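Visitor: I would like to learn how to read a protein model. Please take me through it step by step.

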Amino acid sequence: MEGNPFTLIKPETEAPPDFARNLSILGIMRTGGKTTALLFDSETRARLTVSETPDPKTGISIESASLAAKHEEVTIQLAKGSERGTVRFNKDAMALAAGGGQAFPGSPVVAPSGGPRPPNATPGGPQNIPQPRIIRRPIRRVEPIPGQ
């Protein structure tokens, strides 16, 4: 049977280039029409500053950047020689870059060494957060001064 959707060969998905696989955005800025980004390598835990001109050490440069109001929508197209790769913000990588704690509620807690979680760590965040107290005080009426 020709054209049967169950027997069609699925095209292979393209794996991201090796240089961009572990990179995520920590910060991005555009000044004077030039884009500069701070990236984090989750494998080596190194921070890289890249711009539109190739970095002398890594050879990585920014080809294009798509800025948006929400972090989830920001993307940077990187180039390293003839290879291209896209990076995004990653909350877990940001937490690792900040020192390994849980930076965002709901994100997995990862120990700085990549080992087991601390005993008091919970996936939903800390449970013993004190709630703010609301203090209610009576409103005093101020009488007008006679003659004014």
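This is a predicted model: local features need pLDDT of at least 70, side-chain atom pairs count only at pLDDT 80 or more; totals for chains, interfaces and linings use all residues.

Visitor: What is the mean pLDDT of the protein chain?

Guide: First the term: pLDDT is the predictor's confidence in each residue, from 0 to 100. Here the protein chain has a mean of 75. Of its residues, 66% reach 70 or more. Over residues 101-115 the pLDDT is below 50. Beyond near neighbours in sequence, that stretch still has 29 contacts in the model; a contact means heavy atoms within 4.5 Å.

Visitor: Which elements have the lowest and the highest mean pLDDT?

Guide: Elements are DSSP runs numbered from the N terminus: helices (H or I, at least four residues) and strands (E, at least two). Helix α1 (residues 91-97) has the lowest mean, 77. Strand β5 (residues 75-80) has the highest, 92.

Visitor: In what order do the elements run from the N terminus?

Guide: The order is β-β-β-β-β-β-α. That comes to 1 helix and 6 strands.

Visitor: How many of the residues count as buried?

Guide: Buried means under 20% relative accessible area, exposed over 50%, and partly exposed in between (1.4 Å probe, protein chains only). In this protein chain of 148 residues, 24% count as buried.

Visitor: Why does Thr 75 count as buried?

Guide: Its relative accessibility is 18%, so Thr 75 counts as buried. Thr 75 sits in strand β5. Leaving out residues up to four places away in sequence, Thr 75 touches Ser 64, Ala 65, Ser 66, Thr 86, Val 87 and Arg 88.

Visitor: Which side chains meet in a salt bridge?

Guide: A salt bridge is a side-chain nitrogen of Lys or Arg within 4 Å of a carboxyl oxygen of Asp or Glu. The whole structure has 1. Glu 63 and Arg 84 form it, at 2.5 Å, N to O. Glu 63 lies in strand β4 (residues 60-66) and Arg 84 in strand β6 (residues 83-88), so the pair ties together parts that are 21 residues apart in sequence.

Visitor: Are these two partners buried, exposed or partly exposed?

Guide: Glu 63 is partly exposed, at 42% relative accessible area. Arg 84 is partly exposed too, at 36%.

Conventions
Residues are numbered from 1 along each chain as its sequence is written. Side-chain values use heavy atoms; hydrogens and water are left out.
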